[in-house]
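Here is a friendly walk through a fold, from its cores to its sheets. Have a look at the model first, and then read on.

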Amino acid sequence: MKIAFAVPQSLDSPSGLGRFGPLARELAQRGHSVTVFALHYDWPRLSPKQYNDQGVSVVYVGQMHVRKTGPRKLYFTPGRLLAVSLASAMRMAVALGRSDTDVIQLCKPQPINALAARLARRGRLVFCDCDDYEAATNRFSGEWQRRIVRYFEDGVRFYARGLTVNTRFTFNRYVALGYPPQRIVYVPNGVERRRFEVPFALTPWRQRWGLDEQTPVVAYVGTLSTLSHAVDLLLDAFARVARQRPDARLLLVGSGEDYDALVAMAHKLGIAGQVIFAGRQPAEDIPAILALATVSVDPVRDDTIAAARSPLKVVESLAVGTPVVTGDVGDRREMLAGGITGILVRPGDSAALADGLCAVLDDPTRRAQMALAAQAGRAHWYWDRLVEDFVRIYDFAALP
């Protein structure tokens with residue numbers, strides 16, 4: 001089968017790393033011809049814009065709806081956003097239209113790629129993968145933007161032959177919208193075996209950040225955002241941890257729109273000397289960074305944003321055997337095997353999050369048991385297994 005992926009972001013984004021890139025490569029390994037048409041956060045200066053990645057043809061066709069520079073995410077003004085979005089949608093639609101693919105795989109049904117897919121399908125079947133609740137997780141300057149995103153996100157139910165989702169929340173949401181449940185396949189996020197079954201060189205990373213083997217490290221890997229990832233909740237929690245464990249360090253790996261505000265918050269809380277803002281790191285280095293951590297953390301509130309997300313940071317941490325502390329919302333209880341591979345706390349509660357982190361930091365025996373359980377079950381998260389569930393969506397092509 002010839003498959004065109006329509007992706008509204010870059011392949012080094014969390015969704016690109018935890019879902020679309022691995023999926024495309026696994027499909028190519030199984031003999032499918034896969035072309036990824038994607039957008040980039042710095043498209044004008046990107047070079048090369050087209051390349052081959054392990055049998056997958058990757059073509060960047062336009063600018064994302066946001067820009068990224070260093071550890072910061074920058075937003076366009078409303079007028080500029082509209083112009084950028086329309087230009088990128090047209091470029092993607094032309095690229096899709098010129099391709100000789102059999103089907104279009106819509107990834108993350110956002111306005112740019114959803115519009116492009118609808119314009120370019122010309123009788124081809126469209127399948128859709130939904131890995132977030134876009135109308136809730138994005139930051140909007142006005143309600144009109146949210147309505148546009150919701151229109152395209154909800155609208156896939158009218159033309160997509162099948163859906164894949166990575167959370168029970170999203171499954172239930174589309175069923176409530178009237179989409180046939182028998183045409184939805186649940187596939188959580190995963191990791192690529194090649195990145196996680198290799199020895200990790202930890203010493204260079206410890207030296208980079210002034211950490212020794214005895215330093216307790218709490219690691220957060222993800223977007224630096226207070227809306228969609230509750231990193232402000234994490235800083236509040238770590239301030240409590242630091243009072244009990246002044247030797248502990250919080251390692252924040254990632255970039256985002258709230259980078260500067262979070263740096264200022266760390267200073268205000270008096271923990272700036274114990275918080276390491278590491279910025280964005282190459283995807284290939286994330287397993288080693290998580291492996292050096294004593295515990296990793298996924299801070300969440302009890303809201304639809306958390307319920308609709310299958311956090312890559314949790315999956316990657318479990319794959320290297322590092323225990324996770326997170327809020328008990330959405331699919332996280334299932335991901336942590338009911339608390340065997342980490343600790344579930346009350347979401348949105350910084351004191352509960354701090355207690356969970358301390359429970360792991362202060363109990364090496366329990367921590368070792370969690371690590372062994374995580375490593376024993378990590379094959380569950382490998383994409384070479386998960387892809388077998390994903391390809392079931394293409395069986396729906398034969399349905400009327």
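A nonpolar core here is a set of buried Ala, Val, Leu, Ile, Met, Phe, Trp, Tyr and Cys residues joined through side-chain atoms within 4.5 Å, where buried means under 20% relative accessible area with a 1.4 Å probe, protein chains only. This is a predicted model, in which local features need pLDDT of at least 70, side-chain atom pairs count only at pLDDT 80 or more, and totals for chains, interfaces and linings use all residues. Residues are numbered from 1 along each chain as its sequence is written, and side-chain values use heavy atoms, leaving out hydrogens and water.

The largest such core holds 35 residues, and Phe238, Leu252 and Leu353 have the most contacts inside it. Helices (DSSP H or I runs of at least four residues) and strands (E runs of at least two) are numbered from the N terminus. Helix H9 (231-244) is among the elements that supply at least two residues of this core, and with nine residues H9 gives the largest share. Leu353 is in contact (heavy atoms within 4.5 Å) with Leu233, Leu234, Ala237, Val297, Pro299, Val325 and Val345, leaving aside residues up to four places away in sequence. A second, separate core of 34 residues includes Ala4, Ile112, Leu163 and Tyr174.

Now to the strands. Two of them pair if DSSP finds at least two bridges between them.

Four of the five residues of S12 are buried, so S12 is largely enclosed by the rest of the structure. The chain passes from S11 through H9 to S12 in a right-handed β-α-β crossover; right-handed means that, with the strands pointing away from the viewer, the path from the first strand over the helix to the second runs clockwise. S12, H10 and S13 also form a right-handed β-α-β unit.

Elsewhere, eight strands build an open sheet with mixed pairing, in the order S3-S4-S2-S1-S7-S8-S9-S10. S3 (50-53) and S10 (184-186) are at the edges with a single partner strand each, so one side of each has no neighbour in the sheet.

How values were computed:
Buried < 20%, exposed > 50% of the residue type's maximum accessible area, 1.4 Å probe, protein only.
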